[in-house]
Amino acid sequence: MLAGIHDFTAGSLFFDGTDVTTLAPEKRKIGMVFQNYALYPHLTVKQNIEFPLVNSKSLSKQLREQAKNRRVKVRQLIEEKVDEVSRVVEISELLDRTPNELSGGQQQRVAIARALVKEPSILLLDEPLSNLDARLRVQTREEIRKIQERTGITTVFVTHDQEEAMNICSEIAIIKEGKLQQVGTPRQVYDRPCNLFVAQFLGSFLINTLTASIQEGRVFLGTNNIGSTHLPNGKYTIGIRPENIIQSEQGCLLGSLVASIRHAGIETGEALLDDGQIIQFVKNPTLDSEEAKVILRLKPGSVMVFDTHGKKVAQW
Amino acid sequence: MVKRRDYHAYIYLLPALFLMGVFVLYPVMNTILTSFKEGYRFLTGSFLLFSFENYRMILLDKIFYRAIINTSFIAFVCVPFSMLSALVTALLLNSIKRLKGFFMTLFYLPQVTNVIAAGMVFALIFNNHFGLINMLLVKVGINPVAWISGVGIAASTELYMASYLRCLFVLFVYMMWNGLSLKVILFLGGLQNIREDYYLAARLDGTSKWKIFRKITVPLLSPTTFYVFITSVITAFKAYSQVVALFTTTYGPAGDNSKMMITVVGYIIDALGSYLSAGAVSVASAAAVLLMISIMFLTAVQFKILNRWVHYK
């Protein structure tokens, strides 16, 4: 919809205050990087990058004007732009190759160069890293971030990989089944989710979702009092991230250890509480790991209370 | 060193190789040999001597040149036109959403119809008295055209040329109808192999539809186009049944005894008609060899010249 391929059923779209809802895709000045790169296989890298400049009617007109103002030939102007953008993505030595002579990461950079060369007002990246292997993904991710910082272009990055999203974005929008759930910085969305879905969606360890009861302003997890609140009495769903639950010598939760799971470098444990619920926490390597009973301490700000609709109502 | 795996492959290939040898290789060699035997008698296999006599006879025969002209017409006029129409049709078919299957079946029908039957129907459509075309022309107010007619052509060259051109037109229409079918399917397949992404990327860059066609569709379709061109020309050189279907075995309208519409294969078949007489089969062999050499030469030329325009991925 941003690119203008699909129509809106409702609402409007504004770029920098201009209403572009009904504007044709080619007039919206959009640079797009596809998941499969969509590099023209019969053209060299250089021809791929200059394709928008050479073949777009509106851009050709702009180029001609610019060339006239600077008293140079259009061809030279195009060469300059291609060179500059190749330098930004660091593929200047590969200009004479064809796409099938490039590696995945290189193809990706060519696709980015092609999107950037027409100086678009908005850069769209459609799962650009899904086709790369893990190491290359991290590397290219950093490169994309640097490119975006250097050029300052508004960039919309679509991904299903939350680690990618958390690392590359200045702002994240979480969408569930087409409905916007929350918008914020990665920190905000992760630490202060506005509903249960967002809380459960993010985080490499699944957030603990437990049932707690509030009586007279005190919150009980089983028989453990984990805090006080002004919420009315009743049963609530609370969420606490495992990394915010520390095994310690003093704490508000008491449970018995039932499982230990090792994830590369971090060991988590599962404790059984006295009301039968299981809570996952991060084990403290300095404490005796053979103990059957564990005492858990909650980090401040880590307990989230959700109502029956999943909306967060309190957090401390 | 023949690896163990290769052994098996060769053994499995033996039956096919044997058949190829008996039914392809041996006949070809034999034909080439026979084409040099002067006065060859088919029944006894005897001949006078090895010479170029058969070739000389062919190259002095006016009818052979008529055959060459007609075959060239089919190969170099009908084929390009039908390729262009097929490409346009395939592009249109590729862009419609519904009834795609219906139209594809429709366009493929000529491939599954019998050539003779189809040709006879076409001859009827173009019939001078009760043909469909003439009836439509009369309705619009134009005088009916004597499409396949040999009236008075023996006498005047003018009338002969006019009749010849009319017959060429009928042949052209038939070849277009026949040639469209397979080419449309092949072009459609080639078009559908071009990923949507390319068009989308070009559209977002503001490329006009014509430029997209020229710079993306045509290059990415070039392997298919190349294949269609080569095979169509080869098929055109072998044209025979279409001509016979339209113009009967005299290769012309009634009243013509010059074999007006004969093709090279028709020439070969006619030479074989009197296969019992001396020299008949050897003349046919010579004509066949000439045909083979022309096709090979032409195909080689096509490969050399057109190869740089074909982009393989």
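**Entry 1**

The model I am reading is predicted. Glu50(A) belongs to helix 1 of chain A and Arg75(A) to helix 3 of chain A, so this pair ties together parts 25 residues apart in sequence. I then checked the accessibility of both partners. Glu50(A) counts as buried, at 10% relative accessibility, because the limit for buried is under 20%. Arg75(A), with a relative accessible area of 40%, is partly exposed.

I next noted a salt bridge between the side chains of Lys46(A) and Glu79(A), at 3.2 Å from N to O. Lys46(A) lies in helix 1 of chain A and Glu79(A) in helix 3 of chain A, so parts 33 residues apart in sequence are tied together by this pair. Glu79(A) is partly exposed, and its relative accessible area is 26%.

**Entry 1: a further pair, and the network**

I turned to Arg137(A), which forms a salt bridge with Asp161(A); their closest N and O atoms are 3.8 Å apart. Arg137(A) lies in helix 5 (residues 134–151) of chain A, and Asp161(A) in the loop between strand 5 (154–158) and helix 6 (162–168) of chain A, so the pair ties together parts that are 24 residues apart in sequence. Arg137(A) counts as partly exposed at 24% relative accessibility, and Asp161(A) counts as partly exposed at 22%.

Which residues are joined into one network by salt bridges that share partners? I recorded Lys46(A), Glu50(A), Arg75(A) and Glu79(A). Over all chains, the structure holds 15 salt bridges.

I asked how many of the 11 residues of helix 1 (residues 45–55) of chain A are buried. Eight are, so the helix is largely enclosed by the rest of the structure. Among these buried residues are Val45(A), Ile49(A), Phe51(A) and Leu53(A). In chain A, the buried residues of helix 1 pack against helix 2 (57–70), helix 3 (74–89) and helix 4 (104–116). They also pack against helix 8 (196–204) and helix 9 (209–237) of chain B.

**Entry 2: nonpolar cores**

I found 86 residues in the largest nonpolar core, and those that touch the most other members include Tyr40(A), Ile74(B), Phe187(B) and Met261(B). Helix 7 (residues 157–192) of chain B supplies the largest share of this core, 15 residues. Apart from it lies another core, of 36 residues, including Ile49(A) and Val88(A).

I also listed the contacts of Ile74(B), leaving aside its neighbours within four places in sequence. They include Leu171(B), Met175(B), Ala236(B) and Thr263(B).

**Entry 3: a buried charge in chain B**

I located Glu38(B) in strand 1 (residues 37–38) of chain B. Glu38(B) is buried yet has no salt bridge. The nearest side chain of opposite charge, Arg56(B), is 7.5 Å away, whereas a salt bridge needs nitrogen and oxygen within 4 Å. Beyond its neighbours within four places in sequence, Glu38(B) is in contact with residues including Phe47(B), Leu49(B) and Asn54(B).

**Entry 4: a nonpolar surface patch**

Finally, I examined a nonpolar patch on the surface, with about 1200 Å² of accessible area together; its members include Phe18(B), Val24(B) and Met292(B). Helix 1 (4–34) and helix 12 (280–306) of chain B are the elements that give two or more residues to the patch. Which element gives the most? Helix 1 of chain B does, with nine residues. Val24(B) is found in this helix and counts as partly exposed, at 38% relative accessibility.

Note on methods
Residues are numbered from 1 along each chain as its sequence is written. Chains are lettered from A and ligands numbered from 1 in the order in which they are written. This is a predicted model: local features need pLDDT of at least 70, side-chain atom pairs count only at pLDDT 80 or more; totals for chains, interfaces and linings use all residues. Side-chain values use heavy atoms; hydrogens and water are left out. Buried means under 20% relative accessible area, exposed over 50%, partly exposed in between (1.4 Å probe, protein chains only). Helices (H or I, at least four residues) and strands (E, at least two) are DSSP runs, numbered from the N terminus. Contact means heavy atoms within 4.5 Å. Patches are made of residues with over 30% relative accessible area and no salt bridge: like charges are joined within 9 Å, nonpolar side chains (Val, Leu, Ile, Met, Phe, Trp, Tyr) within 5 Å. Accessible areas come from the Shrake-Rupley method with a 1.4 Å probe; for residues, only the protein chains shown count as cover. Lys and Arg count as positive and Asp and Glu as negative; His and the chain ends are not counted. A nonpolar core is a set of buried Ala, Val, Leu, Ile, Met, Phe, Trp, Tyr and Cys residues joined through side-chain atoms within 4.5 Å.
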